[in-house]
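The structure comes first, and the discussion follows.

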Amino acid sequence: MANVSMTNNLPMETESILRFPTFSLAGQAGTSFKPEHLAAISAVSGPQGFFEVHAENYMGAGGPPHRALERVRRDHPISLHGVCMSLGGPQPLDKDHLKRFKTLVDHYEPALVSEHLAWSTHVDTYLNDLLPLPYTATTLAHVCDHVDQMQNAIGRPILLENPSTYVLFAESSMSETDFIREISRRTGCGLLLDINNVFVSATNHGFSALEYLRDFPLSGVGEIHLAGHAEQEDDEGELLLIDSHDGPVADAVWQLYEIVVARCGPIPTLIEWDSKIPDWPVLRAEALAAQAILDRHASDRETFHALG
Amino acid sequence: MPSADILPMRRSAPDFAGQFSAALLTPDAPAPDLVTGPRGKRAEKRYNVYRNNVTVSLIAALSSIFPAVERITGADFFRAMARFHVRETPPSSPLLFEYGRDFPDFIDRYEYAQDMPWLSDVARIERAWLDAYHAADAPALKPEALAAIPPEDLGAVTFQPHPSTRLIASAYPAVTIFAMNRGDGPVGRVENRPEEGLITRIDDEVTVRHLPPGGAAFLGALLSGECLAAAVAAGLEAEPAFDLSGMIGEMIAAHAFSTIRAFSHVEMEIFNVEHA
């Protein structure tokens with residue numbers, strides 16, 4: 001009796017599963033998606049790499065943002081990049097935010113999902129910045145719990161991004177690379193290696209970016225970020241780099257990128273550009289410069305791991 | 001085993017976030033003791049990068065939500081006003097498009113905005129504009145849906161609002177001032193009179209309409225779930241010359257409602273408009 005009535009609703013299910021095509025972004029370079037570029041992107045025939053969006057911008061109930069993202073998603077793989085889950089904070093994650101994130105993942109079926117090793121909410125105040133944390137056994141346990149919780153909520157592994165920082169914590173007892181390696185080992189998460197962040201932090205804290213990359217668990221990297229930075233001065237008048245995402249990728253960052261790609265193979269790479277946004281051809285040209293490097297190393301696959 | 005109350009506090013207690021965030025929205029506070037530069041270098045300027053990011057990005061968020069208010073006040077006035085508000089009422093949600101709900105009331109209290117008593121209503125329209133922009137998608141009521149109802153049942157009809165629909169009543173010409181300042185077109189003198197506005201989203205375009213007299217009373221009744229007859233009475237009470245057919249045409253053109261529900265003595269029908 002039950003068998004007869006159960007088959008009636010199946011077509012609805014099938015429809016929702018097949019809503020967007022599946023695209024691979026293996027070996028591809030992509031760009032941040034900015035709605036002001038939609039017309040220019042649509043005017044070019046053929047795919048334009050992959051696009052990454054800040055998840056929170058698409059957490060409204062409906063309206064134009066969803067029309068724009070659906071349009072992009074029809075023809076391209078997307079990467080869903082969370083900026084305010086506050087994984088690095090001591091307090092429990094926001095359950096409503098986890099639910100919203102899962103809804104987005106279910107709807108848009110992104111090729112990649114990522115979040116930051118940082119925090120942005122304290123008690124009930126949202127501070128709208130990626131804030132740093134000390135690296136200790138206690139904070140490690142919190143971050144691992146949070147990564148587990150997020151991965152369970154959305155039903156798939158995330159990529160965790162290394163931060164750019166301006167201060168250090170006297171109480172830190174682990175290096176950033178050891179901290180990140182341990183999170184990845186305990187939670188099974190992949191990593192998003194932001195090479196501009198490595199360069200910014202290395203400059204700001206006086207360590208070698210190359211040594212950092214040598215210590216970094218590169219085999220877990222499923223995506224690379226490249227971006228521009230700005231220059232300021234610290235308290236002693238020395239150079240302090242700001243992770244501003246407002247210009248082209250610096251030459252030194254391109255060089256580090258080439259070293260990483262030569263070692264790891266063609267890992268999907270994103271050009272982030274979030275303010276003073278240029279016309280689409282300028283942004284696309286940065287992605288094509290990354291694509292040229294990826295293509296040069298397309299056959300270097302000995303340590304390349306396809307995550308997810 | 002020592003009891004819990006004599007255990008020393010761990011230096012890496014989970015309160016780093018409390019100490020770090022305490023000074024973020026307080027401009028004169030020193031950088032927290034727990035942060036440093038490399039090799040023990042001072043970190044005031046370094047910490048200020050975070051302080052600056054927080055304040056400037058939240059002011060920018062308000063500026064993008066309230067562009068007409070900013071155009072009216074000028075950028076410097078706006079930034080100063082927004083900075084006070086950001087420090088007094090930082091966001092409580094990570095969704096920045098939800099921010100600024102308390103900003104209109106803050107403008108009402110803001111000392112330097114007292115000679116612009118209409119400014120907060122312009123802000124209320126802009127806040128409603130963004131709500132309409134992000135509101136859930138839903139079909140819009142088609143004119144045929146109303147025409148299909150027998151005349152004797154019309155008075156009992158109720159309307160389901162479109163999720164984007166908002167109503168603003170101002171004691172000032174806030175709708176005209178909003179429309180004049182939302183873009184970069186010319187501004188001119190505005191006749192001082194009360195205005196009522198209807199904010200809706202037509203397909204993907206948010207629109208703000210200036211309602212005729214009685215329109216807000218009529219639509220307000222419908223939005224709160226009252227039947228058409230009660231809404232007409234409210235409209236006529238507000239304005240004896242209330243133009244019902246004009247208003248119905250306007251609200252359908254504005255996509256203010258999604259569905260109607262007609263009660264007849266034999267059955268209840270829901271007229272879903274998408275396939276009407």
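## Interface between the chains

Five salt bridges are counted between chain A and chain B. The model is a predicted one. One of the salt bridges joins the side chains of B:Arg46 and A:Asp234, with an N to O distance of 3.1 Å. On the side of chain A that touches chain B, strand 6 (residues 125-131) of chain A gives the most, with seven residues. That side of chain A divides into 21 nonpolar, 17 polar and 12 charged residues.

Polar contacts between chain A and chain B amount to 19 residue pairs, both residues being at pLDDT 80 or more. In the contact as a whole, 50 residues of chain A meet 44 residues of chain B. About 4,100 Å² is buried between the two chains, and carbon and sulfur atoms give 61% of that area.

## Two residues of chain A

A:Gln232 belongs to strand 11 (residues 230-233) of chain A. Beyond four places in sequence, A:Gln232 has contacts with A:Glu238, A:Leu239, A:Leu240 and A:Ile242, and also with B:Val49 of the other chain. Between A:Gln232 and A:Ile242, which are 10 residues apart along the chain, the C-alpha separation is 7.0 Å.

A:His146 sits in helix 6 (residues 137-154) of chain A. Its side chain reaches the backbone oxygen of A:Gln91 at 3.2 Å. Setting aside residues up to four places away in sequence, A:His146 touches A:Ser86, A:Leu87, A:Gly89, A:Pro90, A:Gln91, A:Pro92 and A:Leu93.

| Residue | Relative accessibility | Class |
|---|---|---|
| A:His146 | 4% | buried |
| A:Cys144 | 5% | buried |
| B:Cys227 | 25% | partly exposed |
| A:Gln232 | 40% | partly exposed |

A:His146 counts as buried because its relative accessibility is 4%, under the 20% limit. A:Gln232, at 40%, counts as partly exposed, since that class lies between 20% and 50%.

## Cysteines

How many disulfides does a search of the whole structure find? The search, over all chains, finds zero. For A:Cys144, the closest cysteine sulfur is that of A:Cys189, at 7.9 Å, which is too far for a bond.

Methods. Residues are numbered from 1 along each chain as its sequence is written. Chains are lettered from A and ligands numbered from 1 in the order in which they are written. This is a predicted model: local features need pLDDT of at least 70, side-chain atom pairs count only at pLDDT 80 or more; totals for chains, interfaces and linings use all residues. Side-chain values use heavy atoms; hydrogens and water are left out. A disulfide is a pair of cysteine sulfur atoms within 2.5 Å. Buried means under 20% relative accessible area, exposed over 50%, partly exposed in between (1.4 Å probe, protein chains only). Contact means heavy atoms within 4.5 Å. Buried area is the accessible area (1.4 Å probe) that two parts lose on being put together, summed over both. A salt bridge is a side-chain nitrogen of Lys or Arg within 4 Å of a carboxyl oxygen of Asp or Glu. A polar contact is a pair of N or O atoms within 3.5 Å; within protein, one must be able to donate a hydrogen and the other to accept it, and residues adjacent in sequence count only if both atoms are side-chain atoms. Helices (H or I, at least four residues) and strands (E, at least two) are DSSP runs, numbered from the N terminus. Ala, Val, Leu, Ile, Met, Phe, Trp, Tyr, Cys and Pro count as nonpolar, Asp, Glu, Lys and Arg as charged, and the others, Gly among them, as polar.
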